[in-house]
Amino acid sequence: TFLHEVEETLAAITMAERLTPGASRINLIPTMPLHIAFWFGAKLGHSHARQISVHAIRERDGEPSYFPATSLRAVEHTVEPLILEPLRTISESPVAALALDLQGRGDQFFDQVVAACHQHRIGRLLPLRSPHSQLSPDEQTFTGVVEQTCRAWRDAPLPDASRTARHAIFLSGPVAISLTLGARLASNNHGRWTAFTLNQQTGEYEPFPPSPKNEHNQLE
């Protein structure tokens, strides 16, 4: 169902671009699971060069409203809302992953991520975490998270084998950030990335794209 909605949204964006070629911005409000949003962002970043403004929800006076949270384009931004932790080596697998704790869960979040790394044969993990349980609902903070994460991944001391192997990302927090990170990190080669989100019912991280049945729990 979500994949069908993604394809319909892509078609709608393409039509809007054709009908209004002079428009300076297309506003997008994503409502989907985090790992689907990352994949959707990768497709948007690959196929749509014009600026898309991604909106997120916040509450004002007890009423929900949407605000322009960030853009798919790279921008100069020096705000760093997250704490970058040292790269962790989990195994000799060349697969490397990002882990974003955007809800301040700390060890509870990263213990589950490390367990998933063992399960899916991920060798190195770059953790970033928020010191707060909720990100400030404003464009400066959301864009800061995206830009800081992209810089951290680009500058991480990964071995050459990890740079050319498959990648993974463990997501949490706002869907707008997940979508934008997909566009920024995976648009050039979205087939190399696997996105994970926590299934609250099972307590396990689920990948997208899902692992083929004959290659269960293996990203290499």
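The questions and answers below concern a predicted model.

Q: Which strand gives the most to the lining of the largest pocket?
A: The largest pocket holds about 320 Å³ of space. Of its 20 lining residues, the closest to the centre are Ala56, Ile57, Gln134, Phe142 and Pro174. Two elements give two or more residues to this lining, one of them being helix 6 (175–186). The element that gives the most, with five residues, is strand 2.

Q: Which residues form a nonpolar patch on the surface with Ile57?
A: Ile57 lies in strand 2, residues 52–60. The patch that includes Ile57 has about 290 Å² of accessible area together.

Q: Is Thr141 buried or exposed?
A: Thr141 is found in helix 4, which covers residues 139–155. Leaving aside neighbours within four places in sequence, Thr141 is in contact with Pro81, Leu135 and Ser136. Its relative accessible area is 12%. Buried means under 20%, so Thr141 is buried.

Q: How far apart are the closest N and O atoms of Glu80 and Arg151?
A: Side chains of opposite charge can pair when their charged atoms come close. Glu80 is in the loop between strand 3 (63–71) and strand 4 (83–84), while Arg151 is in helix 4, 71 residues apart. Glu80 is partly exposed at 49% relative accessibility, and Arg151 is partly exposed at 21%. The two form a salt bridge in which the closest N and O atoms are apart by 3.2 Å.

Q: Which residue is linked with Glu85 and Arg129 in a network of salt bridges?
A: Arg129 forms a salt bridge with Glu85, with the closest N and O atoms 2.7 Å apart. Arg129 lies in strand 7 (residues 124–129) and Glu85 in the loop between strand 4 and strand 5 (88–89), so the pair ties together parts 44 residues apart in sequence. Arg129 is partly exposed at 27% relative accessible area, whereas Glu85 counts as buried at 18%. The network that links Glu85 and Arg129 also includes Arg88.

Q: Which helix supplies at least two residues of the lining of the largest cavity?
A: The count comes to one cavity of 30 Å³ or more, and the largest cavity holds about 50 Å³ of space. Its lining includes Phe38, Trp39, Ala42, His190 and Trp193. Strand 9 (193–199) supplies at least two residues of that lining, and so does helix 2 (34–47).

How values were computed. Residues are numbered from 1 along each chain as its sequence is written. This is a predicted model: local features need pLDDT of at least 70, side-chain atom pairs count only at pLDDT 80 or more; totals for chains, interfaces and linings use all residues. Side-chain values use heavy atoms; hydrogens and water are left out. Patches are made of residues with over 30% relative accessible area and no salt bridge: like charges are joined within 9 Å, nonpolar side chains (Val, Leu, Ile, Met, Phe, Trp, Tyr) within 5 Å. Accessible areas come from the Shrake-Rupley method with a 1.4 Å probe; for residues, only the protein chains shown count as cover. A salt bridge is a side-chain nitrogen of Lys or Arg within 4 Å of a carboxyl oxygen of Asp or Glu. Helices (H or I, at least four residues) and strands (E, at least two) are DSSP runs, numbered from the N terminus. Buried means under 20% relative accessible area, exposed over 50%, partly exposed in between (1.4 Å probe, protein chains only). Contact means heavy atoms within 4.5 Å. On a 1 Å grid over the protein atoms alone, a cavity is a set of points where a 1.4 Å probe fits but cannot get out, and a pocket is an open set with protein on both sides within 12 Å along at least five of seven lines; lining residues have an atom within 4 Å of a point. Grid points are joined across faces, edges and corners, and a volume is the space filled by probe spheres set on the points.
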